[in-house]
Amino acid sequence: MKNFIKSIRLTLVFCLFFSVLYILILWIFAQFAGPNSGNAEVATLDGKIVGAANVGQVFTEDIYFWGRPSCAGDGYDASSSAGSNKGPTNEEYLAEVETRIDTFLVHHPYLERKDVPAEMVTASGSGLDPDITPESAYVQVKRVAAARNMDETTVKEIVDQTIEKPFLGLFGTEKVNVLKLNINLENYENK
């Protein structure tokens with residue numbers, strides 16, 4: 001009976017530690033060491049919050065840069081985040097990618113099929129990816145510039161200014177946050 005009471009006490013101590021203290025310790029650590037004090041980074045336009053910078057957004061109009069396709073629910077739904085679990089030999093998946101390529105080419109008639117970036121027609125593992133490569137942004141410059149009646153060089157410069165470099169110059173790759181890029185475009189036009 002003595003060991004039984006000890007095990008109950010030990011269980012209660014661990015429950016308290018892991019359900020309260022551990023989470024509190026992580027929260028305190030995030031306040032000091034985490035980016036943005038452990039809170040989500042939000043993107044604003046004209047003083048209004050327009051989205052979370054670390055979750056992709058749906059952009060379909062030609063005046064905006066597009067992000068990667070999402071297979072998370074109706075698009076970038078965090079509660080439905082997951083991969084499609086369809087392999088590169090799955091016929092349904094291949095048909096979906098072909099449809100995306102055809103749609104991309106309709107809006108980018110200056111590209112050939114081989115020039116369509118793979119990431120622009122395939123979803124990321126989570127379906128929430130907010131970033132694209134600079135190359136994927138550059139292939140969209142002509143479309144966005146034409147839709148906004150802007151000079152292509154100016155739009156390319158905005159892309160160049162939005163490129164995020166690898167962490168410490170070593171970890172990761174160059175990337176462009178699509179929401180931030182579109183906000184930068186809006187801010188440029190509103191000058």
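**Figure 1. Charged side chains of the predicted model.** The chain of this predicted model carries 17 positive and 25 negative side chains. The centres of these two sets are separated by 11 Å.

**Figure 2. Surface and burial of the chain.** About 12,300 Å² of the chain is accessible surface, and carbon and sulfur atoms contribute 59% of that area. Of the 191 residues, 32% are classed as buried.

**Figure 3. The largest nonpolar core.** This core comprises 32 residues. Phe-65, Phe-104, Ala-137, Val-155, Leu-181 and Leu-185 have the most contacts inside the core. At least two core residues come from each of β1 (42-45), α2 (91-107), α4 (141-148), α5 (152-162) and α6 (178-189). In soluble globular proteins, nonpolar side chains tend to be buried together.

**Figure 4. Surroundings of Phe-65.** When neighbours within four places in sequence are left aside, Phe-65 contacts Phe-59, Ala-137, Gln-140, Val-141, Arg-143, Val-144, Val-155, Val-159, Val-178, Leu-181, Asn-182 and Leu-185. Among these partners, Ala-137, Val-155, Leu-181 and Leu-185 are, like Phe-65 itself, listed with the most contacts inside the largest nonpolar core.

**Figure 5. Secondary structure and overall dimensions.** The chain contains 6 helices and 5 strands, arranged from the N terminus in the order α-β-β-α-β-α-α-α-β-β-α. Among contacts with a separation of 6 or more, 58% join residues 24 or more positions apart. The radius of gyration is 22 Å, whereas a compact globule of 191 residues would have a value near 16 Å. Along the principal axes, the C-alpha atoms fill a box of roughly 80 × 45 × 35 Å.

Terms used
Residues numbered from 1 in each chain as written. Predicted model: local features only at pLDDT ≥ 70, side-chain atom pairs only at ≥ 80, totals over all residues. Heavy atoms only, no water. Core = buried A, V, L, I, M, F, W, Y, C linked by side-chain atoms within 4.5 Å. Buried < 20%, exposed > 50% of the residue type's maximum accessible area, 1.4 Å probe, protein only. Helix = DSSP H or I, 4+ residues; strand = E, 2+ residues; numbered from the N terminus. Contact = heavy atoms within 4.5 Å. Rg over C-alpha atoms; globule rule 2.2 N^0.38 Å. Areas by Shrake-Rupley, 256 points an atom, 1.4 Å probe, with all protein chains shown as cover. Lys, Arg positive; Asp, Glu negative; His and termini not counted. Charge placed at Lys NZ, Arg CZ, Asp CG, Glu CD.
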